[in-house]
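Take a look at the model below. Follow the chain from its start, then turn to its surface.

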Amino acid sequence: LLPPVDFKPMLAYAMLIPIVGGVGLACIKEGKGVDINVEAFMYASVANAAAALKGKLGGSVTKALKGDKSKNMDSANVYAI
């Protein structure tokens, strides 16, 4: 399953910098200076990637379902999915 290939504006990619920075900041261990908990950073990064992929794939599936008139995908049904 390959996501559709489309490119967003540079600002959309630049907005990822504070997100990744916040994950890194949250993973710094207290009292040890700048010692990053690598395991926590990896789990948080995987969670962020999964949420982004869910949003991307969910949007394309919703678009495909709304385009098919035989599926009766009105606003309430799309929200339920």
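Which helix gives the largest share of the nonpolar patch? Helix 2 does, with three residues. The patch lies on the surface and consists of Phe7, Met10, Tyr13, Leu16, Ile19 and Val20. Nonpolar side chains (Val, Leu, Ile, Met, Phe, Trp, Tyr) are joined within 5 Å.

This is a predicted model, where local features need pLDDT of at least 70, side-chain atom pairs count only at pLDDT 80 or more, and totals for chains, interfaces and linings use all residues. Residues are numbered from 1 along each chain as its sequence is written, and side-chain values use heavy atoms, leaving out hydrogens and water.

Now pick one patch member. Leu16 sits in helix 2. Leu16 counts as partly exposed because its relative accessibility is 45%, between the limits for buried (under 20%) and exposed (over 50%), with a 1.4 Å probe and protein chains only.

Next, the whole chain. It has four helices and zero strands, in the order α-α-α-α. Helices are DSSP runs of H or I with at least four residues, strands runs of E with at least two, numbered from the N terminus. Of the 81 residues, 6% count as buried. The chain exposes about 6,800 Å² (Shrake-Rupley method, 1.4 Å probe), and carbon and sulfur atoms supply 68% of that area.

Note on methods. Patch = residues over 30% accessible without salt bridge, like charges linked within 9 Å, V, L, I, M, F, W, Y side chains within 5 Å. Salt bridge = Lys/Arg side-chain N within 4 Å of Asp/Glu carboxyl O.
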